[in-house]
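Hi,

Here is the structure I promised to pass on.

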Amino acid sequence: MCGIVGYVGARPALDVVVEGLARLEYRGYDSAGVAVLADGELATAKRAGKLVNLREALAEEPPPAGTLGMGHTRWATHGAPNDRNAHPHLDCSGRVAVIHNGIIENFAALRSELEEGGHKLNSDTDTEAVAHLLEDELKRGGDLAAAMRRVCGRLEGAFTLVAVHTGDPDLVVGARRNSPLVVGVGDGENFLASDVAAFIAHTRDAIELGQDQVVELRRDGVTVTDFDGRPAEVKEYHVDWDVSAAEKGGYDYFMLKEIAEQPRAVADTLLGRIGADGRLSLDEMRITDQELREVDKIIIVACGTSYHAGLIAKYAIEHWAGLPCEVELASEFRYRDPILSRSTLVIAISQSGETMDALMAVRHARQQHAKLLGICNVNGSTLPRECDGVLYTHAGPEIAVASTKAFLTQLVAVYLIALYIAQVRGTKWGDEVFAMIQLLERMPEKVDKVLETMEPVRELARSLANERSVLFLGRHVGFPVALEGALKLKELAYMHAEGFAAGELKHGPIALIEEGLPVIVVVPPRARDVLHDKIVSNIQEIRARGARTIVIAEEGDESVAPYADTLISVPAVPTLLQPLVTTVPLQVFACELATAKGHDVDQPRNLAKSVTVE
Ligand code: AGP
């Protein structure tokens, strides 16, 4: 949450920073602000609301040109989303400016101490305390980096901080604990950002910062130390996608582009993981086959859409790998007493790799000596670094707040892991694993086929734009798909939407059914006859009570047609792989319905892409 950009080089800093903010706006859009250092003076501008408001203010009153600057796009935590609380925040002298992502938990004590010491604070934020603490530390001696290290030692919570000081006009200082910060290494210029997307137009060479590190960014070099000032080891990497991947490419919304990219994303996630002999090879996981043989339980931790991928993983892992598997909301996991041991494998799923709840769950599992495997989409993010091994999804940058292609690639990753464990532990015959891999390899073409037939779904969505509520039902892996469909509709259309296991309906939720209520039902393949027949009965039960039934079923499934007010057909695939095709119409449905309501689907209200606070 919150996007941060810092720049020092030879170009006009304001242009670089504002362009970077535009690429980070998905991280928060409650306010935006910039600071530029020009002629030994700090110039700042900030506005509540989306970046467009700041752009207008800058156009009206352009700040003096400088080649060092920073910018911030905010997802509000402490203090209302207004101009006053927008970042950057300044110290009393106006010579130090600070931007921040995260929450400083001991801010109240720090603010009181500062106020008692005579500082005048002008906002309600936790961040402003840091500007004043830096002011005090600079008076004690040393440069901005030294002051930052001392201040960080006093802060509790999660923070990425970036600061500039008029006393050192060639220096941008960043600090990182628990919130993301990456360095972009250019030629005669360097960048700092929450995400490489902010500087990808200028450089694809990046440095991953570790926990509790301070970075000094100058035009001609980058120095990284720990909070005690000792040189720190850093990991350099090359970003394997370019600026076009972070642009809309002719689509009205990133979400539309990302939905359309799913066949490619699924194919890319399979790429290089299947050997010529048809066997899976996941060496990058960095967990040995022997270690996998010793695993006796798997626990999956994740949030939101990634949690739904985890719920589907459970079915695949138990069926193929024959291991007990639990799935936990990461935010709940560490506040109970989960039973873990050295033979437990904890799989953390996170698109961003920065979700605080997921990171905290990973740390909790680490303390209990469990083995840790991450499934992540963002190279250089925190989660992979904190796990023993990682399987990257290759979805490319996902910018729309609502997760789409990341979800489908997470499913591919969990299928690969489940099949790999089955291969290693011998719970499935080699030819069974091979047959399933071959089916997986055909999934991009199946997803493509779904995308080609979405016009009726879009029409349906537009016709339902004024409904107050939509229910989603599924059984088996169709249940998490129903949850995912409901989540998409809630976050994009701001409508009441709920997903239920169809078998649970009779235990309460059926009381919600009333005349005309749209209910979307995900039907399992006919091959799963018992499951299939049970859900057909559920459809009849709700229809008899007046529900408007919208049924997603495999092509050729005539048995559901008499009970479906609307029938959406998807290609026939095996049950466990079905979420790859049944989720897509639900994404399209939510996106279109929200657009019909006039919502910005890339930036839904109150949300941010990476949730870096607990
Ligand atoms: C999905 O559409 C959401 N925006 C959200 O639920 C998301 O999946 C969740 O916050 C987890 O994010 P992560 O995968 O980056 O950890």
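Asp39 is exposed, at a relative accessible area of 74% (exposed means over 50% relative accessible area, buried under 20%, and partly exposed in between, with a 1.4 Å probe and protein chains only). Asp39 sits in the loop between β2 (31-38) and β3 (41-48); helices (H or I, at least four residues) and strands (E, at least two) are DSSP runs, numbered from the N terminus. Its phi is near 50°, a positive value in a residue other than glycine.

Before going further, a word on the source: this is a predicted model, in which local features need pLDDT of at least 70 and side-chain atom pairs count only at pLDDT 80 or more, while totals for chains, interfaces and linings use all residues. Residues are numbered from 1 along each chain as its sequence is written, and side-chain values use heavy atoms, with hydrogens and water left out.

Back to the backbone. Asp212 also has a positive phi, about 55°, although it is not a glycine. Asp212 is in the loop between β11 (205-208) and β12 (213-218) and counts as partly exposed at 25% relative accessibility. There is a cis peptide bond too, joining His87 and Pro88 with omega about 5°; Pro88 is in the loop between β4 (68-74) and β5 (89-90). I flag these because most residues other than glycine have a negative phi, and most peptide bonds are trans.

Now the domains. The domain assignment of the chain gives domain 1 (3-244), domain 2 (254-441) and domain 3 (451-596), the bounds coming from an automatic or database assignment. How far apart are the C-alpha centres of domain 1 and domain 2? They lie 33 Å apart. The contact takes 15 residues from domain 1 and 14 residues from domain 2, where contact means heavy atoms within 4.5 Å.

About 1,100 Å² is buried between domain 1 and domain 2, and carbon and sulfur atoms give 52% of that; buried area is the accessible area (1.4 Å probe) that two parts lose on being put together, summed over both. On the domain 1 side, Tyr26, Asn178 and Glu208 lose the most area to domain 2, together 39% of what that side buries.

The rule finds one salt bridge across the interface of domain 1 and domain 2, a salt bridge being a side-chain nitrogen of Lys or Arg within 4 Å of a carboxyl oxygen of Asp or Glu. Glu208 and Arg385 pair through their side chains in a salt bridge at 2.6 Å, N to O. Four residue pairs are in polar contact between domain 1 and domain 2, with both residues at pLDDT 80 or more (a polar contact is a pair of N or O atoms within 3.5 Å; within protein, one must be able to donate a hydrogen and the other to accept it, and residues adjacent in sequence count only if both atoms are side-chain atoms).

The structure holds 38 salt bridges. In one of them, Glu113 meets Arg154, with the closest N and O atoms 2.7 Å apart. That pair links distant parts of the chain, from helix α3 (residues 107-116) to the loop between α5 (144-152) and β7 (157-165), 41 residues apart. Glu113 is partly exposed at 37%, and Arg154 is partly exposed at 34%.

Another joins Glu291 and Lys371, the closest N and O atoms being 3.5 Å apart. Here helix α8 (residues 289-294) is linked to strand β18 (residues 371-376), 80 residues apart.

Leaving aside neighbours within four places in sequence, its contacts include Leu90, Cys92 and His119.

Ser341 lies in the loop between α10 (330-333) and β17 (344-350) and is partly exposed at 29%. Its side chain makes a polar contact with that of Ser343 at 3.0 Å.

Cheers
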